[in-house]
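Welcome! Let's take a friendly walk through one protein model, beginning with the whole chain and ending with single residues.

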Amino acid sequence: MPCNGCTQCCGSNQGLFLQPELGDKVESYRHRVVTDEATGNPIFLLATENGRCVYLGDSGCTIYDRRPALCRSFDCRKHYLILPKQDRDNLVKLGLSSRAVFDAGRARLKSLSAEERKECVDKREEFFS
Ligand code: SF4
Ligand code: SF4
């Protein structure tokens with residue numbers, strides 16, 4: 001993902017959750033567990049009151065080499081393309097995503113290949129139509 005210095009994912013509260021099943025060593029991160037059996041008791045990376053990841057430093061991620069799986073895999077371009085506008089708006093309203101992240105994704109769409117774009121559009125049609 002060509003972030004080029006952008007840290008919107010890290011600075012805006014998006015519910016950055018840990019995924020032990022993908023190798024995240026939960027105890028090695030500052031985290032909080034949300035007790036909610038319906039959603040599988042998700043474990044979130046700790047953030048400050050204004051939604052800034054506690055590991056975000058002045059020059060970016062301070063634990064870059066061991067950042068969680070979601071930080072490694074998230075691609076705001078695909079996040080933007082796969083979700084229909086109404087779902088993007090709802091996620092922003094619920095505080096589960098940030099408008100700035102969607103904007104960052106839209107601004108970088110040209111860096112996706114035609115094949116990647118098609119995959120995203122196919123997923124949107126499969127899941128949301
Ligand atoms: S919003 Fe996009 S460009 Fe910015 S940090 Fe997240 S993935 Fe990278
Ligand atoms: S762990 Fe690093 S990459 Fe992940 S949200 Fe925090 S600062 Fe960003």
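## Two domains

The protein chain is divided into domain 1 (1–74) and domain 2 (75–129), with bounds that come from an automatic or database domain assignment. Taken over C-alpha atoms, the centres of domain 1 and domain 2 are 19 Å apart. Eleven residues from domain 1 and 13 residues from domain 2 take part in the contact, where contact means heavy atoms within 4.5 Å.

Before going on, please note that this is a predicted model, in which local features need pLDDT of at least 70, side-chain atom pairs count only at pLDDT 80 or more, and totals for chains, interfaces and linings use all residues. Residues are numbered from 1 along each chain as its sequence is written, chains are lettered from A and ligands numbered from 1 in the order in which they are written, and side-chain values use heavy atoms, leaving out hydrogens and water.

## Where the domains meet

About 920 Å² is buried between domain 1 and domain 2, and carbon and sulfur atoms give 61% of this area. Buried area here is the accessible area (1.4 Å probe) that two parts lose on being put together, summed over both.

Which classes of residue does domain 1 bring to the side that touches domain 2? That side has six nonpolar, five polar and no charged residues. In this scheme Ala, Val, Leu, Ile, Met, Phe, Trp, Tyr, Cys and Pro are nonpolar, Asp, Glu, Lys and Arg are charged, and the others, Gly among them, are polar.

Three residue pairs (both at pLDDT 80 or more) are in polar contact between the two domains. A polar contact is a pair of N or O atoms within 3.5 Å; within protein, one must be able to donate a hydrogen and the other to accept it, and residues adjacent in sequence count only if both atoms are side-chain atoms.

## A look at His 31

His 31 lies in strand 1 (residues 31–33); strands (E, at least two residues) are DSSP runs, numbered from the N terminus. Its side chain reaches two backbone oxygens: that of Tyr 29 at 2.8 Å and that of Val 26 at 3.3 Å.

His 31 has a relative accessible area of 26%, so it is partly exposed (between buried, under 20%, and exposed, over 50%, with a 1.4 Å probe and protein chains only).

## A look at Ala 47

Ala 47 sits in the loop between strand 2 (43–45) and strand 3 (56–57). Beyond its neighbours within four places in sequence, Ala 47 touches Arg 52, Cys 53 and Val 54.

Conventions: Helix = DSSP H or I, 4+ residues; strand = E, 2+ residues; numbered from the N terminus.
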